[in-house]
Amino acid sequence: MALRFYNSIKRAKEDFHPIETGKVGLYTCGPTVYDTAHIGNFRTFMFEDLLKRWLLHLGFAVNHVMNITDVDDKTIKKAQAQGTSLLKITSKYTDLFMDDLNWLKMTPATSYPKATNSIPKIIEMIEILLDKKFAYREDDGSVYFNIKSFPEYGKLTNINLESQKSGSRIVSDEYDKDSPQDFALWKGWKKEDGEVYWDAPWGNGRPGWHIECSAMSIEALGNHFDIHCGGVDNMFPHHENEIAQSQCATDKPFVNVWLHSEFLMVDGGKMSKSLGNFYCVSDLKKIGFSPECIRYQLLSGHYRTKISFSIDKKHEGDKVVRRISNFQSRLNKRNALEFADGLLPESYQKFKKQMNDDLNTPKALAVFFSWMKAVNIKLDQNSITEIELGKAWEFLTVFDSIFGLIQNSIAEIPAEVALLLNKRNKARLENKWNESDNIRDMLKDMGWIVSDTSSGQHIKKTN
Ligand code: AMP
Ligand code: ZN
């Protein structure tokens, strides 16, 4: 089955066709670094990581950009409350975020642009929007986007502009879907902003949250790119506003595919800072959660369905993780690696079909577990062939490169290796053979052997 995604803007599944053959530009809205991220946030980031891992597995060169929102209403408020600088707050929480990402075995993005480094691009875009009369100034030095000037406004979230009170404006970054309003591209300086402001031709101030993501994504991926992701709460107003600003500024289509993941819930409600019903990675570490157990809980539900997080499910997660690790040990004892030569068992095709169908992780996991059970029976009965052992090793390796569920796995691909594989793939697609060979040599020095097969790059640990 061809790779298909549920494109939020089309409200339907459709085949995926990248703009440039073999390459994917992927933008994922990153954290607002005003506090520690909770595992609800990580559900979204883990879905995005899974998407990237699957695209890499299929042989795409993925340019993954995850922004860091390091200036907005929340970050400024926190810095003020703590009597410290914006930079001190945002650096502290960016570092914590990166530590958590790493602990959860997420593969690093290609780049992590910060909003505060994109101010010139933001100003350039606002100037264009003012020139073209999509935006207007206010006396306090703020600039607003006029949503009535863009006939497609509301297409992503199907909102009704009739409910907009004529000319109403909102300065806050977050607001309700029932009250679409002109939103701030630039917020004129106020006393509460303290030292946080930049010069702009229309007055000192700071950017609105939405224009930050338009500027950072366009700077990194160009005016028109393949995939943009976020949690469902990002759809309105954030992504709706990104589309309006970007398309009006560039006269180009902005994004082809919009993917949104559902909420992680606790006790029937969305896990969120404001409700106080959240767990951070550090809370879960303290009570003995492994990264694999968290990964299993977050990935075993389909990304477009709500899932409930529960401490009680730790036992079940641990059991699954142990089962997979035991399976690996059993294959290890039979020297399965020696017989692996890039061939995969038939069940892999079923697994691939499910993953290609809008990343259907529950069904893909079911295929994997029933295959693992069958192989375990053959191992019990001592009736497994060398070819089957080799195929089993290959499938387990592929599986773990996508789900990352094996503890201390020797099959697991560390993040830096995944990154080099991605770079090598890109080099090969651009016919940069020397670069591709150099990366292969670097990987060899790191203890990894790459081979090129019809289903893409295959990697094995030496020794
Ligand atoms: P923020 O740091 O608030 O900008 O959020 C970072 C990401 O986490 C966004 O993509 C949100 O949509 C997502 N998010 C926030 N809460 C949850 C939740 N309970 N479940 C899943 N994703 C969430
Ligand atoms: Zn964003």
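**Close-up views of the predicted model**

**View 1. Edge-to-face pairing of Tyr 348 with Phe 395.** Tyr 348 is buried, its relative accessible area being 3%. Tyr 348 belongs to helix α11 and Phe 395 to helix α13 (residues 386-403), so the pair ties together parts 47 residues apart in sequence. Phe 395 is likewise classed as buried, at 0% relative accessibility.

**View 2. Edge-to-face pairing of Phe 351 with Phe 395.** The ring centres are 5.4 Å apart and the planes stand at 75°. Because Phe 351 lies in helix α11 and Phe 395 in helix α13, this pair joins parts separated by 44 residues in sequence. Phe 351 is buried, with 0% relative accessibility. Ring pairs link Tyr 348, Phe 351 and Phe 395 into a cluster that also includes Trp 54, Phe 327 and Phe 369.

**View 3. Crossing of helices α9 and α12.** The axes of α9 (residues 314-333) and α12 come within 11 Å and cross at roughly 45°, which makes α9 oblique to α12. The crossing is left-handed. Among the contacting residues are Val 320, Ile 324 and Phe 327 of α9, and Phe 369, Met 372 and Val 375 of α12. The residues of this contact comprise 9 nonpolar, 1 polar and 3 charged.

**View 4. Asp 357 in the loop between α11 and α12.** This loop joins α11 (346-356) to α12 (361-381). Asp 357 is buried, at a relative accessible area of 16%. Beyond its neighbours within four places in sequence, Asp 357 contacts Met 1, Arg 4 and Lys 13.

Key. Residues are numbered from 1 along each chain as its sequence is written. Chains are lettered from A and ligands numbered from 1 in the order in which they are written. This is a predicted model: local features need pLDDT of at least 70, side-chain atom pairs count only at pLDDT 80 or more; totals for chains, interfaces and linings use all residues. Side-chain values use heavy atoms; hydrogens and water are left out. Helices (H or I, at least four residues) and strands (E, at least two) are DSSP runs, numbered from the N terminus. Buried means under 20% relative accessible area, exposed over 50%, partly exposed in between (1.4 Å probe, protein chains only). Contact means heavy atoms within 4.5 Å. Axes are lines fitted to C-alpha atoms, for helices over the stretch in contact, and angles run from 0 to 180 degrees between N-to-C directions. Angles under 35 degrees count as roughly parallel, over 145 as roughly antiparallel, 65 to 115 as roughly perpendicular and the rest as oblique. A crossing is left-handed if the near helix is turned anticlockwise from the far one by less than a right angle, and right-handed if clockwise. Ala, Val, Leu, Ile, Met, Phe, Trp, Tyr, Cys and Pro count as nonpolar, Asp, Glu, Lys and Arg as charged, and the others, Gly among them, as polar. Rings of Phe, Tyr and Trp (its six-membered ring) pair if their centres lie within 6.5 Å; planes under 30 degrees apart count as stacked, over 60 as edge-to-face and the rest as tilted.
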